[in-house]
Amino acid sequence: MTHVVVAFDDNRLIGDLFGQFDQNLALIERRLGIEAIGRGNQVTIKGSHEGCEQARLALEALYRRLQQGHELHPGDVEGAIRMASSDAGQLSLPTLEPRSRLSFAQISTKRKTIVARTPAQDAYIRAMDRADLVFGIGPAGTGKTFLAVAYAAALLERGEIDRIILSRPAVEAGERLGFLPGDMKEKVDPYLRPLYDALYEMMPGEKVERGMISGVIEVAPLAFMRGRTLSNAVVILDEAQNTTAMQMKMFLTRLGDNAKMIVTGDPSQIDLPRGMISGLREALDVLEGVEGIARVRFTEKDVVRHELVARIVAAYDRASAVAEETPETGRSGTQAAGPATPPRRG
């Protein structure tokens, strides 16, 4: 058992740090298996050495966030806990400022500041700063698309790029929608709604609308990207697992001067016709080791939606792994006995 006392200088921030009825401390206790008792401007932490150190890192990171003028939400507390409990190998990346202090990568616009809530999100934000082509791969709910759009909005606001280009293959997810009315933008809009949602969260609505009218924010259907050179822009390709190999090569070769491409997708949710190769899967193999390209893989541990979503993703991954190991088995997982009974003829 270890006993640690952490003190904070600004008493005005203690109420927000501990949370209403000490709910933030209670969450840290449950997640890290320690005891955290707040008295005045101090927190006494009891438990394993590792748990106490992780709790200290999380609390100090949250306190610095309050000092910077930000509000704390339950997701921020969860994020601090995840970052603090990451393995030593992850924290030796530029995630610690001098080794005993957590430093979260963040994206800031005038409207909002987004702070990484998992090690993979931290690596993803840093990768977008470092590389001109970034692949964000992993399950739904991990923030791949949202962070990509937030990053693009931040660069546009700072004047580092001239426009944002949003693209997504128009493939139905297991259902046929039939004819869609309207012009090309109106036909594609339903598929791009997640990108719009992120834009409206990072930028004022009227600025988004003006940008779309002026072409500063452009919706570019993937099928119509051929022949273009995309310069001074952040180009985002969402749901990239539903591109064909030809479409992916065509898209990646559009990259122009002072441009960044961010490709997001989940290889486990391919909606292409059976037998067609996913352009995302092929690109990840073909571009392995190419200089200037970064790839960040997310897992169910990085899901930042409802905690149940992470368990759902993990359950489906386990089922998929079992199916791949026993392709000839039935529902029960046992080998079928004998040939199938032929259909009866009437």
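Is the crossing in which helix 2 passes helix 3 left-handed or right-handed?

Modeller: Helix 2 passes helix 3 in a right-handed crossing, where right-handed means that the near helix is turned clockwise from the far one by less than a right angle, and left-handed means that it is turned anticlockwise. Before going further, please keep in mind that this is a predicted model, in which local features need pLDDT of at least 70 and side-chain atom pairs count only at pLDDT 80 or more, while totals for chains, interfaces and linings use all residues. Residues are numbered from 1 along each chain as its sequence is written, and side-chain values use heavy atoms, with hydrogens and water left out.

The chain has twelve helices and 13 strands; here helices (H or I, at least four residues) and strands (E, at least two) are DSSP runs, numbered from the N terminus. Helix 2 covers residues 23-32 and helix 3 covers residues 49-67, and the two pack at an angle of about 145° with their axes 10 Å apart. The axes are lines fitted to C-alpha atoms over the stretch in contact, and the angles run from 0 to 180 degrees between N-to-C directions. From helix 2, the contact (heavy atoms within 4.5 Å) uses Leu25, Ile28 and Leu32, which meet Gly51, Gln54, Ala55 and Leu59 of helix 3. Sorted by class, the residues of this contact are five nonpolar, two polar and no charged, where Ala, Val, Leu, Ile, Met, Phe, Trp, Tyr, Cys and Pro count as nonpolar, Asp, Glu, Lys and Arg as charged, and the others, Gly among them, as polar.

Gln54, which has its place in helix 3, counts as buried at 12% relative accessibility; buried means under 20% relative accessible area, exposed over 50%, and partly exposed in between (1.4 Å probe, protein chains only). Not counting residues up to four places away in sequence, Gln54 touches Leu32, Ala84 and Ser85.

Helix 2 also meets helix 4, residues 74-84, and the axes of this pair come within 10 Å and cross at roughly 35°. Here too helix 2 passes its partner, helix 4, in a right-handed crossing. Asn24, Leu27, Ile28, Arg31 and Leu32 in helix 2 meet Pro74, Val77, Glu78 and Ile81 in helix 4, and by class this contact has six nonpolar, one polar and two charged residues. If you compare the two lists, you will find Ile28 and Leu32 of helix 2 in each of them.

Nine of the eleven residues of helix 4 are buried, so this helix is largely enclosed by the rest of the structure. The buried residues of helix 4 are Gly75, Asp76, Val77, Glu78, Gly79, Ala80, Ile81, Met83 and Ala84, and one of these, Ala84, is touched by Gln54.

Gly40 lies in the loop between strand 2 (35-39) and strand 3 (42-47) and is exposed, with a relative accessible area of 61%.

Among contacts between residues at least 6 apart in sequence, 69% join residues at least 24 apart.

The mean pLDDT (the predictor's confidence in each residue, from 0 to 100) of the chain is 81, and 81% of the residues reach 70 or more. Over residues 87-99 the pLDDT is below 50, and this stretch has 18 contacts in the model beyond near neighbours in sequence. The pLDDT also stays under 50 over residues 172-178, for which the model has seven contacts beyond four places in sequence.
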